[in-house]
Amino acid sequence: MCHFSAKSLEVNKQLFRMLCIQTVIPMVTMYTPMALIVILPIFGKDIPYLGNLTSSSLAVYPLIEPIIAITCVATFRRAIRDMCHCRKKRPMPTVSRSFLSKLSGPQQCIL
């Protein structure tokens, strides 16, 4: 552990947390409802809306997966906040008119 920087350790913790959650979510949303559909008829049990629940949870899983990554990794959270303009923008540096007049002069660029 002493060979890693504090930043690397923090990123590793975030990724480990994300992977643990991403391991549990498919079990809850995909495998458990499908297992119930297969196993319950063997024991003579019937849950009337289990098919609807299963298809709904299968459809929601692709939506949940990226949300987990966004909420667990700090860099992703900051990027989403910046995209949504939730943070205050830093003031843009101003450009003087004399600098702009030099650029807009009769010079031509040769490519």
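Visitor: Leaving aside neighbours within four places in sequence, which residues is S57 in contact with?

Guide: In this predicted model, S57 is in contact with T29 and P33 once its neighbours within four places in sequence are set aside. The word contact is used because heavy atoms lie within 4.5 Å. S57 itself has its place in helix α2.

Visitor: Why is S57 called buried?

Guide: The relative accessible area of S57 is 14%. Buried means under 20%, so S57 is buried.

Visitor: How far apart are V60 and M30 in sequence and in space?

Guide: The two are 30 residues apart in sequence, and their C-alpha atoms are 9.6 Å apart in space.

Visitor: Which residues make up the largest nonpolar core?

Guide: This core has eight residues in all: M18, I25, M30, Y61, I68, A69, C72 and V73. They count as a nonpolar core because they are buried residues of the listed nonpolar types, joined through side-chain atoms within 4.5 Å. Helices α1 (6-39) and α2 are the elements that give two or more residues to this core, and α2 supplies the largest share, four residues.

Visitor: What makes α2 and α3 roughly perpendicular to each other?

Guide: Helix α2 (residues 50-72) and helix α3 (residues 74-83) pack at an angle of about 100°, and their axes are 5 Å apart. Angles of 65 to 115 degrees count as roughly perpendicular, and α2 and α3 are therefore described in that way.

Visitor: Which residues meet where α2 packs with α3?

Guide: From α2 come A69, I70, T71 and C72, which meet A74, F76, R77 and I80 in α3. By class, this contact has six nonpolar residues, one polar and one charged.

Visitor: Where does UniProt place the feature "transmembrane region"?

Guide: The unreviewed UniProt entry places this feature at residues 21-43 and 63-80. In the model, the chain over residues 21-43 is 83% helix and 0% strand, with end C-alpha atoms 31 Å apart. Over residues 63-80 the chain is 94% helix and 0% strand, and the end C-alpha atoms are 16 Å apart.

How values were computed
Residues numbered from 1 in each chain as written. Predicted model: local features only at pLDDT ≥ 70, side-chain atom pairs only at ≥ 80, totals over all residues. Heavy atoms only, no water. UniProt positions renumbered as here; feature names shortened; annotations may be inferred. Axes fitted to C-alpha atoms, helices over the stretch in contact; angles between N-to-C directions. Parallel < 35°, antiparallel > 145°, perpendicular 65-115°, else oblique. Nonpolar A, V, L, I, M, F, W, Y, C, P; charged D, E, K, R; others polar. Buried < 20%, exposed > 50% of the residue type's maximum accessible area, 1.4 Å probe, protein only.
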